[in-house]
Amino acid sequence: MMIDTHCHILKEDYENQEEVIKKMKDNIIIVSSASPKDIEEIIELIETYDNVYGTIGIHPEFADTYTKEDLIKLEKYLTHPKIVGIGEIGLDYHYENENKENQKDLFIKQVNLANKYHKTIVIHSRDAKEDTYNIIDTYKEKTTKCNMHCYGYDLEMAKKLENKKITLGIGGILTFKKEKTLKEIVKELDLKNFVLETDSPYLTPEPFRGHINEPYNIKYVAEKIAEIKNISYEEVLKATTENAIRQFNLKKDA
Ligand code: NI
């Protein structure tokens with residue numbers, strides 16, 4: 001079994017949504033919200049398909065525009081048994097860094113919700129390494145689990161996160177020919193630190209770059225990890241699946 005711990009396979013990007021999900025019928029998919037408007041469709045998906053779980057949250061992109069109603073809706077659905085995390089949430093200073101305070105405020109609010117409802121935090125962080133770490137270090141309770149989705153920082157930060165038992169989401173970027181840092185991190189750190197993700201529809205792995213991504217493609221990420229660590233593909237799947245089950249408190253018989 002394999003688990004795609006992070007993707008966005010919503011209807012607006014997938015006319016063949018059902019087919020894409022059925023292709024993963026022996027596996028698990030965790031669908032993440034990128035926008036508050038995704039929440040209803042995610043609830044519908046997790047109630048329709050046994051192998052689909054969800055994480056919901058308000059992305060930093062909406063730090064200036066989200067409403068009180070969005071927060072109320074988020075808190076209401078967080079108690080759903082198949083909502084296994086809050087995310088993606090975090091900080092993104094890449095496109096917008098004039099509103100850092102608003103981004104931090106929204107992030108902290110949602111870290112507190114994760115603590116309150118015992119949900120795993122799924123972080124999106126870009127060009128905001130120190131602020132992200134400091135907020136997690138300060139506000140996350142020790143028992144609240146945490147995953148850094150689409151890990152894109154350096155080895156030093158990866159080790160700091162390892163000390164906090166925060167898992168790193170590894171996706172298609174690992175297969176890109178020019179990518180060096182992530183390969184070094186995968187080689188250096190123990191398998192227990194990693195979970196697989198596609199971030200579909202984005203970041204399609206080699207050899208399908210240029211096409212729309214889908215959860216089934218985590219297979220190619222797992223193959224790449226096996227190659228880098230010089231272990232078997234089966235070993236990678238087994239370990240990353242166990243990590244994801246632990247990380248998101250999934251039921252084993254799902
Ligand atoms: Ni994403």
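Q: α5 and α6 pack at an angle of about 5 degrees, with their axes 12 Å apart. Why are they called roughly parallel?
A: Angles under 35 degrees count as roughly parallel, over 145 as roughly antiparallel, 65 to 115 as roughly perpendicular and the rest as oblique. The angle of α5 to α6 is about 5 degrees, and the two helices are therefore roughly parallel. The angle is taken between N-to-C directions on a scale from 0 to 180 degrees, with axes fitted to C-alpha atoms over the stretch in contact. The model is predicted, local features need pLDDT of at least 70, side-chain atom pairs need 80 or more, and totals for chains, interfaces and linings use all residues. Residues are numbered from 1 along each chain as its sequence is written, and side-chain values use heavy atoms, without hydrogens and water.

Q: Which residues make the contact of α5 with α6?
A: Lys129, Glu130 and Tyr133 of α5 meet Met157, Lys160 and Leu161 of α6, where contact means heavy atoms within 4.5 Å. Three of these residues are nonpolar, none polar and three charged. Here Ala, Val, Leu, Ile, Met, Phe, Trp, Tyr, Cys and Pro count as nonpolar, Asp, Glu, Lys and Arg as charged, and the others, Gly among them, as polar.

Q: What makes α3 roughly parallel to α4?
A: Helix α3 (68–77) packs on helix α4 (100–117) at an angle of about 20 degrees, with the axes 11 Å apart. That angle makes α3 roughly parallel to α4. On the side of α3 the contact involves Leu71, Leu74 and Glu75, and on the side of α4 Lys109, Gln110, Leu113, Lys116 and Tyr117. These divide into four nonpolar, one polar and three charged residues.

Q: How do α4 and α5 pack, and which residues meet?
A: Their angle is about 35 degrees and their axes are 10 Å apart. From α4, Lys104, Phe107, Ile108, Val111, Asn112 and Asn115 meet Asp131, Thr132, Ile135, Ile136 and Tyr139 of α5. By class the contact has six nonpolar, three polar and two charged residues.

Q: Which residues are closest to the centre of the largest pocket?
A: The volume of the largest pocket is about 910 Å³. Among its 37 lining residues, His59, Glu88, Asp92, His124 and Arg126 are the closest to the centre. The lining has twelve nonpolar, eleven polar and 14 charged residues. β5 gives the most to it, with three residues.

Q: Which element gives the most to the lining of the second largest pocket?
A: α9 does, with three residues. This pocket holds about 470 Å³. Its 20 lining residues include Lys145, Glu162, Lys164, Lys165 and Ile166, the closest to its centre. By class the lining has three nonpolar, seven polar and ten charged residues.

How values were computed
On a 1 Å grid over the protein atoms alone, a cavity is a set of points where a 1.4 Å probe fits but cannot get out, and a pocket is an open set with protein on both sides within 12 Å along at least five of seven lines; lining residues have an atom within 4 Å of a point. Grid points are joined across faces, edges and corners, and a volume is the space filled by probe spheres set on the points. Helices (H or I, at least four residues) and strands (E, at least two) are DSSP runs, numbered from the N terminus.
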